[in-house]
Amino acid sequence: MSSSEILGAQSSRMAALREKLEDENITVSVIGQFKRGKSTLINAFLGENLLPTGIVPITSAVTEIRAGEHSAAVKFTNGVLKPTAFEDLEKYVNEQNNPDNKLGVASVQITVPSGFLAGGVTLVDTPGVGSVHKNNTVAAYDFVKESDAVIFMLSVDSPINEIEIEFLRSTREYAGKFFFAVNKVDTIPETELASYLAYCKMLIKSMMETDDITLWPVSAKSGRGVQELKDVLTGELKAKTREILEESARLKTIDACGSALSQIELYWKVLLMPPVVLKGSLSTMEAKLNELKNSAADMIHRLEADRDIIIPGLDNTLKVRLNEFKQELSQAVTDAFGMDYHYEISQLTDDGESKTYELASKLGAAYMAEVERLTGELSATLEKVLMYRNNDTFEVVDRVYRLNTLTRTLKRTKRTLEDAK
């Protein structure tokens, strides 16, 4: 994948997957429909009320929890990582305080001392699917792709429904191991509970295409059954980490190959555009790049009045803006050609301290130089991959040959992995 400029996102994803396999870090996500008690179960696992719960709070952002000293930080989509007090987390993870994720939260990252999380386990609380808040459902579906093992939450106060069935079907395409928890079991008689568990087990066996299904009845609120589920999780994760990770990697690589093939198909469609249409798309792209460059220049121009002074925090501000500029460039390619174009977004720590003390004029000049480099590289890459005005027959034939070879390799790899089930 790294051999093609148009598969940057897929190549980056595979590099991250390789790193996870080498380090044997495993991500366990608690997923399900909204208000099933996912946050309450995680609090019960950890023995701390870290995550907001209750009648009203609805989780709107992914929360990743790892072993370590007590700390919390919010990661934003522009790459900024902001250390945050635990009591302030509700501002970022609740739908009520952050409706439709207006704050641009990518995830909340928490570390706590926990034997359960030792050895590279990341426990994740995800937004619930099926609420009126569509952004939460999208976030939940997106993060499923990162999960290696899943705790799928059901609840006795609602029969398993079509929303949960569809979500489970999607999740099984990415996760290597499933645990099924049925919450709020202390709210119904034992006879009704037995009927509910039998009904759910029958449906899940059919969906998962296996008889090896165990449902764990729990009450996250009272603690009933929580320790038993936790003990099973701990034992499975310790004994089968490698097996779970390899199955997860197999599934994720199948998906990445499919995504790469789709991107190549989009690329072919662009190449087969009538010349007048392609010329128009390139003109639109060029106009957008000029617009973005002019916007960046205007921002730097406003610094001219302070060119010979040091502005605390300006260095980090410009780095954040550069991340946002990369995101705007990616969106411009998508808008013009319907293809993805991937940029790595730098992670930046916002701890309130300025670490660079340089004149505003120097920082502004460096920022504009990077803007020019990024736009220049993108223009050159697009012209190269779209082969616009390329009169070198050998280069065109060679590029088409290599793309066809890559396509065959991806298809063969995908089939091999699918057959390895």
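Which elements make a right-handed β-α-β unit in this structure? They are strand 7, helix 5, which covers residues 162-171, and strand 8. Please bear in mind, colleagues, that this is a predicted model.

Let me begin with strand 7. This strand spans residues 149-155, and seven of its seven residues are buried, so the rest of the structure largely encloses it. Ala149, Ile151, Met153 and Ser155 point one way from the strand, while Val150, Phe152 and Leu154 point the other way.

Strand 7 also has pairing partners. Strand 1, residues 26-32, runs parallel to strand 7 and is joined to it by five bridges; here valine 28 stands opposite alanine 149. With strand 8, residues 177-183, the pairing is again parallel and extends over seven bridges. In that pair, serine 155 stands opposite asparagine 183.

The largest pocket holds about 2200 Å³ of space. It is lined by 50 residues, and those closest to its centre are Lys75, Ala106, Phe143, Glu146 and His342. Helix 1 gives the most to this lining, namely nine residues, and strand 1 is among the elements that supply at least two. By class, the lining of the largest pocket comprises 14 nonpolar, 22 polar and 14 charged residues.

The second largest pocket contains about 840 Å³ of space. Among its 27 lining residues, Ala175, Gly176, Lys177, Phe178 and Met208 are the closest to the centre. Helix 7 provides the largest share of this lining, ten residues, and strand 8 supplies at least two. The classes here are eleven nonpolar, three polar and 13 charged residues.

Definitions and conventions. Residues are numbered from 1 along each chain as its sequence is written. This is a predicted model: local features need pLDDT of at least 70, side-chain atom pairs count only at pLDDT 80 or more; totals for chains, interfaces and linings use all residues. Side-chain values use heavy atoms; hydrogens and water are left out. Buried means under 20% relative accessible area, exposed over 50%, partly exposed in between (1.4 Å probe, protein chains only). Helices (H or I, at least four residues) and strands (E, at least two) are DSSP runs, numbered from the N terminus. Two strands pair if DSSP finds at least two bridges between them. A crossover is right-handed if, with the strands pointing away from the viewer, the path from the first strand over the helix to the second runs clockwise. On a 1 Å grid over the protein atoms alone, a cavity is a set of points where a 1.4 Å probe fits but cannot get out, and a pocket is an open set with protein on both sides within 12 Å along at least five of seven lines; lining residues have an atom within 4 Å of a point. Grid points are joined across faces, edges and corners, and a volume is the space filled by probe spheres set on the points. Ala, Val, Leu, Ile, Met, Phe, Trp, Tyr, Cys and Pro count as nonpolar, Asp, Glu, Lys and Arg as charged, and the others, Gly among them, as polar.
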